[in-house]
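Please work through the exercises below with the sequence and the structure at hand. Each task is followed by a solution that goes step by step.

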Amino acid sequence: MLDPSGPVRTRIRGAGRATTLAVVTAALVSGAGLPVLATASAESVAPKRIGSAPVAPRDAVKAAAPDADTQLDLGITLEPRDQAALTTFVTGVSTPGSPLYKHYLGTGEFGKRFGADPATVASVRAALTAAGLHPGEVGANGLTIPVKATVAEAEKAFDTDFAGYTLADGTPALANTKAPAIRGDLAGRIASVSGLNTTVKAVSRAVPKEKAKPKSDAASTGTPMSARNIGANRQMCSVWSNKLANDYTYAFLEGRDYYSPASLATAYDMNDMPDGGSGATVAILSLENYDSAAVSRWQGCTGTKANVSNVRAYGTDAAPKLYDAQGYPNEGWETALDIEMVAGMAPGSNILVYQGNTTEAGVLATYQRIVNENRASVVSISWGRCEASTSDSAINLVLQQAAAQGQSVVAASGDSGASGCYNSNGSLATVTDNPASLPYATGVGGTSHTGISQFPYQSVWNRYGGASGGGVSKWWRLDDTVNPAGSLHAPGYNGQVCNAGAGQSCRQVPDVAALADPNTGYFVIGGRDDEDWNIWGGTSAAAPLWAAIVATANVSTQCAANGPVGFLNPALYKLAGNSAVFGDVTAGNNALTGYDNNGNVVGYGSGYNATSGYDLATGLGSPKGRGLIAALCHQLPSQPAGTYTSLQPKRLLDTRTPGIASRTATTLKIAGDGVSGVPANASTVVLNVTAANSNGPGFLTAWPTGTPMPVSSNLNWMQGSVAVPNLVTVPVGTDGKVSLFNGSWTGSIRMVVDVFGYYTPDTAGAKFKPLTPTRVFDTRYAGDANVAQGQIGGKKQIDVKIAGGVSAKGAPLGVPATGVTAVVLNTTVTRGKGNGWMTVFPTGVSPVPTASNLNWTDAQTVPNLVIVPIGADGKVSFYNAMDGTVDVLADVFGYFTADGSGATFHSAGPARLVDTRWGKGVPAAGQINDGTVLRVNLNDDGVLAGATSVVLNVTVTGTHWSGVLNAWADGTARPSSSNLNWTAGSQTIANSVIVPIQNGWVDIESNSPTDVIVDVMGYYSAS
């Protein structure tokens, strides 16, 4: 089935591991009788080791080797079937200006597009089974095979031993002593083997202020529980603000010791946001238990009403318990901080807490659950580990999948400055933190604030034993040409760290930053009574802050129509140095400091200085909320009101051979070209665009040059389509040009473009007056007041009176006899004999124009909107240019008049409003059926408040039976006219629609099951 948004995708190589596979002399998976891929040579079966043996943490104590029957949960992550194509695709959908920009994969598509090929999956599963392991079925992403094994089975299968350890918290652990060995013909198809090492656990990146409990025993029971208006300043309730201000042990002063949600929103220009994140969904990765009642109490105090729900992704750690013997929480602070941070900045959002545990298997399973379900547009991660302890190539593939699906992933960059491994193994080397260092995450560093005003003074967070994580990755390198995060080198950058080659750069972190200093941190309630609170900081507080801002962007006026911002880094690095977007941090460094046993400040390794522009302490800088949202969403410049001028149809483009190549855009100069008749001051043009000679299904998108390609389509075609037309209303770029993109994956198309009129920002043209859609004529039926029954013959025309005319039933049409310059008709051809084309033009024009309005194949039903001038006699001609006969029907939707009345045109897109396939703009995904009215809300953001009618492009897809679709003003009777018509079979058909607006809604109904896609192109209003 053709996807009108063009989601046929391919993939890039971008990030590559810096490690190599070592050939070994013996390994399990080379046993006799195991299946070998058809391309494998005898030599390729020789075993290879994947990765390197793990290094236990410095505080792990060697213990007895694990018992042979100890159960292991392993995961085999396969390489995608085409890593280079995946990388290319992710770059395209994430990079503003790319033809693929925001054409994301839907839920469940990744495995079909980029999962390992079935032969690889079968060979690997068979080899694992033959080796004595117990593999499950490949996961939804097409890349992960779960495996059950005992220690004895794993030792034999992967040619390794296991050592035992006791971790610092007293829990037992184990680790393989050698990298796992895999049969050579399969090793190159396997990205990683996880679960062999349980000594390295993800840890929270939250940092508490010195424990600060008020000594008063008085319980506070007066917390108001009624939520305030979403988008208003999130003020703390007086119970807690007074408690903090009056505590006699610590002097808590807002802006010096902590930030309330209101002050934090002010600092980042997010206060009084009109939507407050309503409708946005943020996923929080949580590797612990937490007390949801504590979060409810916090929301009751701050007046937020984020909807928080839990998803059990993988069993949480059994120990430690949620509360200690005294009843105080000793777990759950990180999750409480993350939730409360998002709720404070996006108070109307939905928050999904995905709970796993800190083991390698638990972490990976939690990532996969978040991304495979694809329920959240933003993912916040505040757990990490030293990069040197794990390469996490499996998690990087999960993050690539997230990017392909349009999910933004923000991750805390760590709290050990440039010495990211200090807390893990005591190393003072400048090593980054994982997962922030992964190429498809956005790493978030930390700052300190001074004051509570908008954009307060900021410096690098670095005091009292914690500092903003940052530096150069040892494990990951980027291709400069496909990942802009690699092309910008910060002061102190050294490409030798990851052995970057020509055209490559080592991954650098952080990408951005936000408040992380616990001494001016975040007020968090984490337990079940009023004593269980604290002030927290760390980069794990900065990451959910960014997540909340990005989530708010996704549901803002600017982004909502065109889709979520997705993988952030390509867009962020294009905005480097933009003072309206980033607060540049130029003071401080992230050379970790702390105290010795005598209370003296000491340094722990080297670090990086904050500088003007990009640096390895705070990245591009901190967010300026509204400026960041506008920049990420690439809001199109508002178009001035315009009046319409009709033109005699004129052909502007006919590509014929070789046509427009697959996945290629061409630009067409229209305004001021001296040929078309469109003046240089035209803001929007009306074109009839026809795609022909296609080798397979595809779509076409038209948009103004100089702006990002929108997530919308103007016409769609199926395999075997001869010619598919549609009326296109599109703004022109500042250079007078329009871009036209061939969204077919199967070859070039012939593209034909005819111009029919234009809008200019003055009063010289005509204004639009909508009418209740009415049938003008239908050649299929006897008794029509305007035409005789019977098809229009080949090379014949009929002339129909429109101005001052009557309907097919003899009632007045409502089009005045005088003062009308053009009329809007929806014209449909059906039951044609052979292939054909038709032109619609004002009577009296000679010769007949060569421009076409409709094109059809034998017996096909095709609709198209037509804006055509009226002849001097008030009539319009319909000419069948081919030899075969055809039935024609036409409905009037309105007219243009020069008498001063009517509405002016405003461009408002192109932008997607509804896509029932993915649940966009509707309560749930799914086709609409006969009798189901789809109500399209056009007034969520108030832009269309004064509109009298709207210009839409409506597409039906996934059809099986013939059908008719109507669009009409909400609250009025469904008209007898039609907007789209189609014949039986799996078809995708688009048509331009001009429909009146009432109550800010438009109603759509189909008489047979179909998916519906609605893109807004513009609207008419009285001013």
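**Exercise 1: charges over rings**

Arg 935 lies over the face of Trp 1001, at 4.1 Å from the ring centre, where a charge sits over a ring if NZ of Lys or CZ of Arg is within 6 Å of the ring centre and within 35 degrees of the ring normal. The model is predicted, so local features need pLDDT of at least 70 and side-chain atom pairs count only at pLDDT 80 or more, while totals for chains, interfaces and linings use all residues. Residues are numbered from 1 along each chain as its sequence is written, and side-chain values use heavy atoms, with hydrogens and water left out.

Task: find the ring over which the charged end of Lys 624 sits.

**Exercise 2: two aromatic pairs**

Task: decide how the rings of Tyr 759 and Phe 905 are arranged, and how the rings of Phe 89 and Phe 114 are arranged.

Solution: the structure holds 15 aromatic pairs, counted when rings of Phe, Tyr and Trp (its six-membered ring) have centres within 6.5 Å, with planes under 30 degrees apart called stacked, over 60 edge-to-face and the rest tilted. Begin with Phe 89 and Phe 114, whose ring centres are 5.8 Å apart and whose planes stand at 40°, so this pair is tilted. Phe 89 belongs to helix α1 (residues 83-94) and Phe 114 to helix α2 (residues 109-114), so that the pair links parts of the chain 25 residues apart, helices being DSSP runs of H or I with at least four residues and strands runs of E with at least two, numbered from the N terminus.

Next, the rings of Tyr 759 and Phe 905 have centres 4.3 Å apart and planes at 20°, so that pair is stacked. Tyr 759 is in strand β42 (residues 750-760) and Phe 905 in strand β51 (residues 904-915), 146 residues apart. Both Tyr 759 and Phe 905 are buried, that is, under 20% relative accessible area with a 1.4 Å probe and protein chains only. Finally, Tyr 759 and Phe 905 belong to one aromatic cluster that also includes Tyr 644, Phe 768, Phe 896 and Tyr 1020.

Note on methods:
Buried means under 20% relative accessible area, exposed over 50%, partly exposed in between (1.4 Å probe, protein chains only).
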